Amino acid sequence: MESMQWLTLPCPYCGEPFYTAIEALCDVQDFVEDCQICCRPIRLVVGYDPLQQQPDVKVLTLDEC
């Protein structure tokens with residue numbers, strides 16, 4: 001299984017889809033990436049569910065916890 005995975009996610013500000021790459025096999029990732037459309041910072045919190053063998057991704061604004 002390849003560890004890098006590309007996802008299409010909705011921007012929490014403008015609602016437009018954007019593309020990002022994550023390390024699918026990592027336990028937890030927490031990082032900020034700018035929206036490719038509106039350029040606002042998006043917080044991505046990624047966990048990996050080994051039973052379903054897929055990432056669990058939360059897309060948040062910087063104000064959200």
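Analyst: What follows is a walk along the strands and one loop. This is a predicted model, so local features need pLDDT of at least 70, side-chain atom pairs count only at pLDDT 80 or more, and totals for chains, interfaces and linings use all residues. Residues are numbered from 1 along each chain as its sequence is written, and side-chain values use heavy atoms, with hydrogens and water left out.

Start with the pairing. Strand β3 covers residues 28-34. A strand here is a DSSP run (E, at least two residues), numbered from the N terminus. Strand β4 covers residues 41-49, and seven bridges join β3 to β4. The two run antiparallel. Strands pair if DSSP finds at least two bridges between them. F31 stands opposite L44 in β4.

Now look at the hairpin of β3 and β4. Six residues lie between the strands. C39 sits in that loop. Its phi is near 65°, a positive value in a residue other than glycine. Most residues other than glycine have a negative phi. C39 is exposed, because its relative accessible area is 55%. Exposed means over 50%, buried means under 20%, and partly exposed is in between (1.4 Å probe, protein chains only).

Go back to β3 and find Q29. Q29 counts as buried because its relative accessibility is 14%. A polar atom of the Q29 side chain lies 2.8 Å from the backbone oxygen of E23. Q29 also touches L44, V45 and V46, among others. Contact means heavy atoms within 4.5 Å, and the list for Q29 does not count residues up to four places away in sequence.

Next comes T20, in strand β2 (residues 17-23). T20 has 2% relative accessibility, so T20 counts as buried. A polar contact of 2.6 Å joins the side chains of T20 and E33. Such a contact is a pair of N or O atoms within 3.5 Å; within protein, one must be able to donate a hydrogen and the other to accept it, and residues adjacent in sequence count only if both atoms are side-chain atoms. Not counting residues up to four places away in sequence, T20 touches Q5, W6, L7, L9, F31, E33 and L44.

One of those neighbours, W6, is in strand β1 (residues 4-10). W6 is exposed, because its relative accessible area is 63%.

Technical notes
Helix = DSSP H or I, 4+ residues; strand = E, 2+ residues; numbered from the N terminus.
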